[in-house]
Amino acid sequence: MEANEKKQLEEMAQSGKKTIVLMSYNPIDGFIPGVHGDGRIVVYCWDRRLCSEACRDAARSITDAFYRDFNLRKDGQLFEHIFVYAGKNAIDEAIQAARMIGHDWKDGSDSGKRVTLVACDCEIEMKRRIAHESYTINMILCECGGKATMGRIAQQVIEGRNPKEISDYAR
Ligand SMILES: [Zn+2]
């Protein structure tokens with residue numbers, strides 16, 4: 001992410017408007033692969049990979065990119081909610097990213113479940129259990145690949161819908 005994009009986030013947070021992050025190792029409707037920040041949302045998405053090894057690489061690399069851009073212990077106050085797609089191909093990496101973000105995200109408040117796994121049906125029981133047991137992670141369902149749902153979430157956030165509402169819906 002460009003330095004001026006991060007500066008925009010910091011200025012927004014100072015005026016009380018926080019940012020929503022979407023992360024997916026798959027494509028997201030409405031976004032070309034890469035990192036996009038416009039203040040209200042920041043999107044990390046990658047090309048569709050055909051094998052699970054490539055998906056795992058992509059999932060690790062988006063988590064790395066996010067952690068290069070932000071230090072959640074210091075930058076935590078910039079964010080309101082983070083959505084992480086968890087499919088089948090890189091399920092362990094996606095869940096690990098969600099856990100790490102939930103753990104590292106410090107901003108002086110105890111805001112509960114503000115990391116949402118956007119989860120397809122594959123291995124759904126495991127995803128449900130993780131969301132159920134976690135203090136920081138909840139879960140909503142999506143189609144395999146998550147492309148349309150992640151795109152819809154981004155659109156709703158841009159239109160001003162509260163991300164907590166989105167993540168409480170269809171749980
Ligand atoms: Zn699936």
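Helix α4 (residues 91–104) lies across β1, β4 (79–86), β5 (115–119) and β6, at about 165° to β4. The model is a predicted one, so let's walk through it with that in mind.

Me: Happy to start there! Which strands does helix α6 touch, and what angle does its direction make with that of β1?
Reply: Helix α6 covers residues 147–158 and packs on the sheet. The strands it touches are β1, β3, β4 and β5. With the direction of β1, its own direction makes an angle of about 170°.

Me: What is the strand order in the open sheet?
Reply: The sheet has six strands, and their pairing is mixed. Reading across it, the order is β2-β3-β1-β4-β5-β6.

Me: Nice. Why is one side of β2 and of β6 left without a neighbour in the sheet?
Reply: β2 (34–37) and β6 (137–141) stand at the edges of the sheet. One side of each is left without a neighbour there because each has a single partner strand.

Me: By how many degrees are neighbouring strands of this sheet turned against each other on average?
Reply: This average ignores strand direction.

Me: Which residue in β3 is the bridge partner of Val21?
Reply: Strands β1 (residues 19–24) and β3 (residues 41–45) run parallel and are joined by five bridges. For Val21, the bridge partner in β3 is Val42.

Me: How many residues of α1 are buried?
Reply: A residue counts as buried if 20 or more other C-beta atoms lie within 10 Å of its own. Helix α1 is hardly covered. Among its 12 residues, the count of buried ones is one.

Me: And which residue just after α1 takes a positive phi?
Reply: The phi in question is about 90°. The residue that takes it is Gly16.

Me: Stepping back, what is the radius of gyration of the protein chain?
Reply: The chain's secondary structure comes to seven helices and six strands. For 171 residues the globule rule gives 16 Å, and the chain's value is close to that, so it is as compact as a globular protein of that length. The radius of gyration is 15 Å.

Methods
Residues are numbered from 1 along each chain as its sequence is written. This is a predicted model: local features need pLDDT of at least 70, side-chain atom pairs count only at pLDDT 80 or more; totals for chains, interfaces and linings use all residues. Helices (H or I, at least four residues) and strands (E, at least two) are DSSP runs, numbered from the N terminus. The radius of gyration is taken over C-alpha atoms; the globule rule is 2.2 Å times the number of residues to the power 0.38. Two strands pair if DSSP finds at least two bridges between them. Axes are lines fitted to C-alpha atoms, for helices over the stretch in contact, and angles run from 0 to 180 degrees between N-to-C directions. Two residues are in contact if their C-beta atoms, placed from the backbone, lie within 7 Å.
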